[in-house]
Amino acid sequence: MGLTLTEKILKAHLVEGEFVKGNEIGIKIDQTLTQDATGTMAYLEFEAMGVPRVKTERSVAYIDHNTLQSGFENADDHRFIGSVAKKHGIYFSRPGNGICHQVHLERFGVPGKTLIGSDSHTPTGGGIGMIAIGAGGLDVAVAMGGGAYYITYPKVVKVNLTGKLNSWVAAKDVILEVLRRMSVKGGVGKVIEYCGEGVKTLSVPERATITNMGAELGATTSIFPSDEITREFLKAQEREEVWVELKADDDAVYDEVIEINLSELAPMAACPHSPDNIKSATELEGMKIDQVCIGSCTNSSLLDMLKVAHILKGKTVHPDVSLSIAPGSKQVLNMLAKNGALSIMIDAGARILESACGPCIGMGQSPNSKGISLRTFNRNFEGRSGTKDGQIYLVSPELAAASAVAGVLVDPRGLGDMPEFKLPEVFEINDNMIVPPVDEKDMDSVEILRGPNIKPFPTTTPLDDSIEAACSLKVGDNITTDHIMPAGAKILPLRSNIPAISKHCFAVCDEAFPERALSLGKSIIVGGSNYGQGSSREHAALAPLYLGVKAVLVKSFARIHRANLINAGILPLTFVNEADYDKISQGDILELADVRKNVIDGITKLCVVNKTTGAEIPVLCELTGRTKDIVLAGGLLDYTRESLK
């Protein structure tokens, strides 16, 4: 029986565990990346481990999220990250060099290697055949220190692509179709592997768009084979020497197969407020729009930008529409400037933003009240744009550009035949905005630069013998990390200051939560299904930790957030019977008796007693040997510190 591509790479990197579906395995990590919204905390954690130099093949620190410097906080964090990178063996991508996933694909990604990043869209690297996984900052810190990264051995879903995309139908429409079929929960515990003759019709940037937004499926990662198209891309980036051919065996066995004929796809949009709320462009055509934003790690490649420039050439953005464009990297921006495409965009009336995440994380360009905004991004969660009642639609660059001119949502297939867009044989290569680390012999001379906004990691304690605490908050299904720990220009600068950022925890759901949780001293949060979907931000676990949350009891968890709760020493619990969710109200006193002993003994079925009502509620506490030890120790930092002694 042959192997899938996923299995081949995972087996080559296996350091602990057995290849049994559902079992935990530890894999060696070749590369890591961080961005500045999560990176400061990750490097504080790395420092706390006491490892002098990273042990990966390549670690890169990017500045791409908190680039709006309206106060000292972001600039101080950038200086801190730059100094840590220089000292500890990490490459530093300076502000303005571009979005981490776009730059990593261009300059650092290697087929067949493993990559984890403190950003949920790290699976972008699957576009060139990497096992690239989003993770919490603490997991990344451990990997930089030489530790393994642990995942549940995944199911592998084969998406068999046939045919070829028609004119003005985009890679974005491929992943929207997958989301339409699988939903934002459908990828949990799975790797999505793209195969079939249709793969050969997609460029690396198009593949990267698809793997990038696979994060919205809840999948562990997504991956394409590494073939001649991959080779051509790497050769154009002057990195052909890292190329290797990678593909699944012909007789590989998959857990699930999805068939997609690219020729049958049409332009689509994800409607408010979920990436799987899909409608066709024809259903929405004629809808008046207020704003268009083009960019993000999903759709900011040179290929995307050339298509946008073609559509805008000789035209003017509709007077009722604000159009902003953010090329994904300095390389892309520079090439647009040199080939005239940037001038076309400016002539049309586009507002050119720096090469950074920007509006995708609510960092500027918030729409007007109740404004309808078409965005080429990956998430449209309520309030994420910075406008609470903003109506965000996720679309392709082609649909976005055509609609910006029309003033209403239009099907781009009305543009007629699409010219052939080809990637250049050679990209503009200039890595002068990437600062290499100093030699190991010089590292002691590097001073770490800390600003006053940088605070230590929150205090952790070993798991209590028993937990008796109030339910400080009860929330529903599909709670995102944007609900738990919002992004945006006002809050993101506090990412290195957990006491300050915790004041905004769950503000979208209940503005009184932070003060209530602090006053309680310790508490338990209750939630619905798919709790914690979205970003990899570990702050969504660290802020509740600081506020005294001891356990989170839900119907089901999103993968990364559950891991982050464990890393923070917060007990992750799920209802045995989902109907028992209704037996708890906010304010009820909940008790987990002898919880430490039960966890030590490996008992997975526990009982939560609602002391307010008398109800006894069976819950699952599914911890393996390693995750059990992490929770008992009080979190991954304490566990790792003990392991390194």
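Strand β24, residues 571-575, and strand β27, residues 616-620, pair in the antiparallel sense over 2 bridges. Please keep in mind that we are looking at a predicted model. Within this pairing, F575 has V619 of β27 as its bridge partner.

In total, 7 strands close into a barrel, and their order is β21-β22-β23-β24-β27-β26-β25, with mixed pairing. On average, neighbouring strands of this sheet are turned by 40 degrees against each other, direction ignored.

Let us now follow the chain onward from β27. T624 lies in the loop between β27 and α20, the latter covering 625-633. By contrast, G314 is 310 residues from T624 along the chain, and 61 Å separate the C-alpha atoms of the two.

Two packed helices are described by the angle between their axes and the distance between the axes. For helix α10, residues 302-312, and helix α11, residues 330-339, the axes come within 10 Å and cross at roughly 35 degrees. This crossing of α10 and α11 is right-handed. Which residues make the contact? From α10 they are L302, M305 and L306, and from α11 they are V332, M335, L336 and N339. Sorted by class, the contact of α10 with α11 has 6 nonpolar residues, 1 polar residue and no charged ones.

Terms used:
Residues numbered from 1 in each chain as written. Predicted model: local features only at pLDDT ≥ 70, side-chain atom pairs only at ≥ 80, totals over all residues. Heavy atoms only, no water. Pairing = 2+ DSSP bridges. Helix = DSSP H or I, 4+ residues; strand = E, 2+ residues; numbered from the N terminus. Axes fitted to C-alpha atoms, helices over the stretch in contact; angles between N-to-C directions. Left-handed = near helix turned anticlockwise from the far one by under 90°. Contact = heavy atoms within 4.5 Å. Nonpolar A, V, L, I, M, F, W, Y, C, P; charged D, E, K, R; others polar.
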